[in-house]
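Dear colleague,

I am handing over the structure we spoke of, followed by my notes on what was found in it. Please read the notes with the structure open beside you.

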Amino acid sequence: MVLAAVLSLVAIIAGCLGRSGPAPVPPVSLRVAWVFLPASDTVTIRVTPQAGPAGRQVLAQSRLAVSENGNRHTERWSAAGGTVQVPVPAGGRTSLLVQLTGPQPLTRTLTVSAPPPLRIVASGAGSGRWLMWTSDPLRAGPPQVLCGTDKVSMVAPTQLAVSEGAAACRAQLQLAAQDGEQAAVPVTIPARSQAKVRAVPVARLYCFANPAGRAIYITVDDGWTPSAEVLALMHQTYLPITAFLIAKAAKENLSYWKAFAAAGGLVGDHTVSHPYLIRLTRGQATVQWGQARTVLGRWLGQTPAIGRPPYGAFDPTVEVAAARAGLTALAGWSATMSGNRIQTWNGKPLSPGEIVILHWVPGLGDQLTALLAAIRALHLNPAPLTLASFSAIAPQPHFLNGD
């Protein structure tokens, strides 16, 4: 009986001891969630558990630490169940080491790519205004006035214009990109008297057109390989396409280009033989523009008002030659097609007002089909490229490389 009593007492003590501590927490599913905030160039990181009391208990007994590239000098800690905000440098890739300490440790490595800082990439005078080009498309913001009286207006997603005052000044221009990035950029606005005035007519070059109605502009260059698929697509969808034709290429397939024009296609001037116009004299460049413009008008019933310099190569001499040949404007581009892949000037999705360049090559029908699918997914609307498309749009100041 003594032995039985002792065993009972041991069992009672063991039971009490077993109930004295907290019950072990069963394993739970944990997930690292993060979001990049372009307005402040910060990453917000949190660990989220599965739903239920077990997940909440694990999080309450844990702490979250984040360090840049494993560097303890950059380590940031959260309170229990909290989040961590980490600044990252603009325009680069940052590796972040995420560590959760507690009943269920966790380690993850995140790589964050931050866009380059929003900035002014070019500026110049035009028609009594100071024009500025930004590195990324902007979103409309509250009205701004610089230097007391100089009003700022947006003339294209990446172009701003400032009315010039009587005196030059320096100011901070507040910018907000469409992706949320913000910046205060120092700018210098020259006096009105310092603006360059062009003494001769020029056909200025534009890489963007009017974005109203979420318009997008499709252009196709050269003309050596006409496409029956494209013509069928134009008839089926009333797709507005501008063909910048080399005169020698158009001559080889005149019946096709007449059918193209009859289907609503627009014809632009791409010179007689596709030379680098910047390597020619002004007289030679004028002949390239003028002869192509004349014969295309005679053959197809459309005398081009818009030209496109071969390879995108232009300078003031090329612009003057185009005007002397009778052209009113030149068209560049902001997006290209490589195979069925769209490449925009800034690596972002197509936006309203962009001009897309393709070429009359085998497979153009498939490229256009892929382009149209992307355009529709972005709720953009193909529009004809005309002189009116450049109204209130700032011209392009720099040389372009391309085809």
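Helices (H or I, at least four residues) and strands (E, at least two) are DSSP runs, numbered from the N terminus. Please bear in mind that this is a predicted model, in which local features need pLDDT of at least 70 and side-chain atom pairs count only at pLDDT 80 or more, while totals for chains, interfaces and linings use all residues. Residues are numbered from 1 along each chain as its sequence is written, and side-chain values use heavy atoms, with hydrogens and water left out.

I begin with Ser227, which lies in the loop between strand 16 (215-222) and helix 3. With a relative accessibility of 9%, Ser227 counts as buried (buried means under 20% relative accessible area, exposed over 50%, and partly exposed in between, with a 1.4 Å probe and protein chains only). Leaving aside residues up to four places away in sequence, Ser227 touches Tyr256, Trp360 and Gly365, where contact means heavy atoms within 4.5 Å. A polar atom of the Ser227 side chain lies 3.3 Å from the backbone nitrogen of Glu229.

Helix 3 (residues 228-237) packs against helix 8 (residues 364-377) at an angle of about 35°, with the axes 8 Å apart; axes are lines fitted to C-alpha atoms, for helices over the stretch in contact, and angles run from 0 to 180 degrees between N-to-C directions. Glu229, Val230, Leu233 and Thr237 of helix 3 make this contact with Leu364, Gly365, Leu368, Leu372 and Arg376 of helix 8.

Turning to the aromatic residues, a search of the whole structure finds 8 aromatic pairs (rings of Phe, Tyr and Trp, the last by its six-membered ring, pair if their centres lie within 6.5 Å; planes under 30 degrees apart count as stacked, over 60 as edge-to-face and the rest as tilted). Tyr256 and Trp360 form an edge-to-face pair, 6.0 Å centre to centre with 80° between the planes. This pair links distant parts of the chain, since Tyr256 is in helix 5 (residues 254-262) and Trp360 in the loop between strand 23 (355-359) and helix 8, 104 residues apart. Both Tyr256 and Trp360 are buried.

The rings of Tyr276 and Tyr311 have their centres 4.1 Å apart and their planes at 10°, so this pair is stacked. Tyr276 is partly exposed, with a relative accessible area of 30%, and Tyr311 is partly exposed at 23%.

Methods. Polar contact = N/O pair within 3.5 Å; in protein donor to acceptor, adjacent residues only side chain to side chain.
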